[in-house]
Every structure is written in structure tokens, then in C-alpha cells.
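Here is a short report on how two chains are divided and how they meet. Look at the structure first, then read on.

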Amino acid sequence: MSATPAIPAAPEAAVAQAPEAQVPIARRVKKRLTSRGATAAAIIIAVIWTVPTFGLFISSLRPEDNIQANGWWNILGDLEFTTKNYTDVLASAGGSASNLGQYFINSLAIVIPATIIPLVIASMAAYVFAWGRFRGKDTLFIFIFALQIVPLQMALIPLLSLFINLKIGEFQLLPSGTYAQLWIAHSIFALPLAIFLLHNFISEIPGEVIEAARVDGAGHATIFWRIVLPLSMPAIAAFGIFQFLWVWNDLLVALVFSGGTADVAPITQRLAELTGTRGDEWHRLTAGAFVSMIVPLAVFFGLQRYFVRGLMAGGLKG
Amino acid sequence: MEDVGDKLVQVVIALAIFAAIIALIMLLVDRAPKTFRDKATIIGFLAPAVVLLAIGLIWPAIQTTYLAFTDRNGAPNGVDNFVWMFTQPEALVTLRNTLLWVVLVPLMSTGIGLAYAVFIDRARGEKALKALVFMPMAISMVGAGVIWKFMYTYRGAEREQIGLLNQILVWLGGESKQFLLDAPENTFFLIAVMVWIQTGFAMVILSAAIKGIPTEIVEAARLDGASAWQQFFSITIPSIRGALIVVVTTITIGTLKVFDIVRTMTAGNFETSVVANEMYTQAFRAGEPGRGAALALVLFLMVLPIVLYNARQLKKQREIR
């Protein structure tokens, strides 16, 4: 197979796109070519790449005094583990609490609607672009595709003032200090890529399936919800995971739209803030960093295949 | 705990409102008079996306372009912001750093990623080895920033080091070093973090490309007595050229927009700022929306040719496939 970033294509193609797919002959060749030198070099790189995360993890489990006394590589000298750092950073009580539990909830509260909303809206648009007939369709589609080249930095300043000025009388429609601005901003920034990817997939659905449903008298709404969406699940899952991780790991959009309070700001923003203000409290920072990484790492190890697919497809986003 | 309940309610209400809007659209589309029904579907299904993009991306982008030519009070000031960008020392440092990032990150991540992909192609435990190097891609750049700040932690010579890299310096007989404070080399230590993240991406795509090289070709070359180096340069590289270009351009685009790493690790101080970070600082911290907008515009202009080239490559590759 070619190495094009695996934009989910036809349903069958997507399933067959596991990079590990190999024919037996390849395995035989591989066995013959296995060389000690290459293995050693690979292991060295792998160790270098893993040590930073590993060190952080070990440190997050060491008592504060030990962290400050010497490096984590001395762990064998003072085998002492504690979960106090974690209970500390998650706690909401006390004046100096980092309160990460709250921010963790915020991240969840931001990411769920910010993934569902663009997926639904993009699927609807993609369905029309794939199966609707109207003048200017291709032009509009290419235009939306081209919007991917606009870096989100281009939109931040005006979008923020738009949110502030969006009022009906005295009533602010999307008040700052709520999740609403974040949901909408993330949804908007996701659309060009989502529409493009889902369109590629939805347009590969066999025309007979849709025709048959139409003959049976199904309306567009029915076809969309009962046929198109279920058949598009592989693409929706791939993009959904990508968008989920993108929103979860985002810092820039959060900084601009969240207001930074414990009521709204996501965990990445809080962690960045702690790094600035409490740069020496490594018992907090190490545990905090891990709390923020748990969800993406779980997605990574649990759904690796979808993860790879989504990531490659989303290489251009941002 | 009541907080959690509160937040849950907000999410549920938001999703309910969203569901109601979508349900209303579906209802209107299905109940439209028969002659108008197809048109209603097209309008109803497209409207949410088109409206959101128009007010949230297209209009703001146009406004930002205009803002780039205004001063801090919103009055037009010609090209002053760009003059500032290309003459003031601190702005020039930002541009120089961005240039360093955009040259070094794609080069190093792709180089190391390619080497690693070749090595593990012949190694045992390929899957696990892949996962280890790919893992940083799952971590947020903020998290990566914390991980590496810890690696770079500085302690004076009189105390025990707690940052691994300084400890290594001490073990080697050197003195501990302020990795993140000493300009200009501190930029390179930030760049290393991005390389750490992006190498996995390069490796996974290039590894897939290498596996796509027909085994007969590799076998034939071996039978002809080609050395490992000859195989690599005469067979591997030409065969995966397309994938290489896509990897390099994709990483380049990501690097141009890099923000979180700089923000988390130095906040752009000590001469480490880059365009995306400076854009944020000027627009949202320094009260200079004009300068921020100008930087955003420059970012757009830098990304533009690479995105276009990347899109063309992708299209070409897909046609071949």
C-alpha cells in the first residue's frame, strides 16, 4: 500500500489500511534481514524517546522531599512511593490548591460537545456535497476545502470581539466565562477538514443503496440518519477521535476564549499556568501533567488504529 | 461535587439545544412541499456549516487582514506594523527563531523518523518499538513542555541535580547549565521538544511506505550484492519519495504554527519567541491587536505555499494509487 496519509477512503479500503498488513513472503525476508545492529540502534532511540516521560511518571509517584532532594534515577536508593501528589493536585480545598479535578471536568465538558457538534454539522454538509445536485456545488466544496489553509490565528481576534458583541438587547448570547464560546470556536475550526474527509467517505457509499431507500419513499432526513450515518461510522470514528484529542490537547483556543477560571478553563490551560507560576513545585507539575495525559494516552493505547488514521488525516489542521 | 452537576447540566442543555435545532431542520426538510423538497434539503443541510464558517472563519480572516494595517486604537496606520516586524530587534529575533524552527524540526524529525523506521523494519518487537516513539504524539504540547522542562531543570553546582540532562553534564565532568535561559542556544532546546513529538509521526508514515516497497525489488538488490547503504539510497529513498514530501510539508506546517511549547516553557522570554506565540502576546497580552493581526497575516502567508504544495502532492499520490 502507498503511504499517503490515510484519509479514510471507501469503507473496505479503510479496514484494509492497517500499516502492519504484510504478506508471508515479506515476513520471511524480514526475518533474514533482521540485524543486531539495527535492533540495537532502534532500542537506543526508543529509550531516549521514552526516558523523559518515564522520568516524569516516576517522579510523580515520589514524595515531595525526595523529588527535591535528588533525581528520579535515584529511585532504587530510596524506594518510596506515594499517591499524595495526585490527591494534592486534584483537591479543590485550600488556598494553594491546584484544583486540577475541576479543570479535568472542564476539559470533558468542553470536548464532548466540541466533538459531537462539528461531526453532525459536517456530516450533513458532506451528505449534500456527495449526493445533492445544485449549481455551484463543486465550487463551494472546493472553497470550503481551501479554508483549511487559514490558520486559526487569523480568526481569533475578530471572533472574540464578535462573541462579546453578540447581544440581543442587553442579553449576551454567548457570555464569556461559559463553555459556549469554546464549543462554538472549536466546532467552527473543525468544519473544513471534517466536511472534506467525511465527503470523501460518504461519496463512496454505493448509489444503489441510497436510490433503493428513495424508491421506498424515504426522505433525505431518514436516509441521512438511517443509512448514511451508520455506514460512515469508520470515518466518523477516525475524525471524531482526532477532533477529541485536538480539543483535549488545545491550549491556544482555550487561552483566548475560556477566561481562565476554574469554572471553564480546560486542564491544559491550568497546567500551563502552573508551569509559569509554580515552576519549582515538581511534585505538583509531574502529577498534574500525568492527570492531563491520562485521557489521550488511554485513547492512544486503546484505539491505536483509529488514532493513527485520524492523526494522519488531520495532519493539516490548525 | 455540586459543581460537577452544574457543569453536566450545562453540557446536557447545550446538546439538547443543538439536537433541537438539528431536529427542527430535519422536520422542515421533510415537511417541505414536494416540489421544493430537494432544495430545502440542500439549504437545510448546508446552512449550519456555511453560516458558522462565514461568521467564524471567513469574515474574521478578512477582518484580521484589515486589522493588520491599523494601530492599537484601530486607526489605519499603513504598513507600520510590518515595519515594526522587520526592523525592531525583538521582532526580528522572533522571525529568526521561526526560521530556525521551520528548518530544523522537519529536517530532524524526518531524518530520525526515517532512520528509526528503517531500523525497526528489521527488528524484533516492531510494534512495541513503534508505539514508544509514537506515543509523544498523543500528549499535548503543554504536557510535553512540562516533561522537558523537568528534563532541563537547573540546580546550582552545590546541590544535587534533579534534571536528567544537567545530571548527565555533571557526570561528564561539566557544570550544570540554564538550558532554557541562555540565549541563543535555548531555542534549540525548545526545538528538541518539537522534534521529540513529530518524529513519531514521520516514523509511522515512512514505515508504512517502506513496507509498501515490493519485496521482489529488495530481494533482487540483495542478490545483486547491494550493500545496506546502496539499498537505502537507490531503492528505499526513491520508492518513498512521495511519502517523504508529505511528511516534511505536514511537519513544516505544524512547526510554523507552534505555540504551546514556547508558551509553556519560556512564554517567549529569553529570546525564544516565535511568530505564533508573538501573535498571541501582542494581540491578547500587550493590547496591540494590529501587530497581532499583522503577525497572523505573515503566518498565513508563510503557510500558504506549503499547504498548496502539500495538497497537490496528496492529490498526485492518490491518483497514482
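This is a predicted model: local features need pLDDT of at least 70, side-chain atom pairs count only at pLDDT 80 or more; totals for chains, interfaces and linings use all residues.

Residues are numbered from 1 along each chain as its sequence is written, while chains are lettered from A and ligands numbered from 1 in the order in which they are written.

In chain A, the contact between the domains takes 7 residues from domain 1 and 7 residues from domain 2. Two residues are in contact if their C-beta atoms, placed from the backbone, lie within 7 Å. On the domain 1 side, α3 (36–60) and α4 (64–69) of chain A each supply at least two residues. Helices are DSSP runs of H or I with at least four residues, numbered from the N terminus. α3(A) gives the most to that side, with 4 residues. By type, the domain 1 side has 4 nonpolar, 2 polar and 1 charged. Ala, Val, Leu, Ile, Met, Phe, Trp, Tyr, Cys and Pro count as nonpolar, Asp, Glu, Lys and Arg as charged, and the others, Gly among them, as polar.

**Between the chains**

How many residues of chain B are in contact with chain A? There are 103, and they meet 98 residues of chain A. Helix α2 (residues 37–67) of chain B provides the largest share of the chain B side, 17 residues. That side divides into 70 nonpolar, 19 polar and 14 charged residues.

**The core**

A nonpolar core is a set of buried Ala, Val, Leu, Ile, Met, Phe, Trp, Tyr and Cys residues joined through C-beta atoms within 7 Å. A residue is buried if 20 or more other C-beta atoms lie within 10 Å of its own. The largest core has 184 residues, and A:A125 and B:L206 touch the most other members. Helix α6 (residues 100–131) of chain A gives this core its largest share, 20 residues.

**Helix α8 of chain B**

Helix α8 of chain B covers residues 186–211. Of its 26 residues, 22 are buried, so α8(B) is largely enclosed by the rest of the structure. α8(B) bends by about 30 degrees at B:Q198. The bend is the angle between axes fitted to the seven residues ending there and the seven starting there.

Methods. A residue is buried if 20 or more other C-beta atoms lie within 10 Å of its own, exposed if 12 or fewer, and partly exposed in between; C-beta atoms are placed from the backbone. The expected span of a helix is 1.5 Å times one less than its number of residues.
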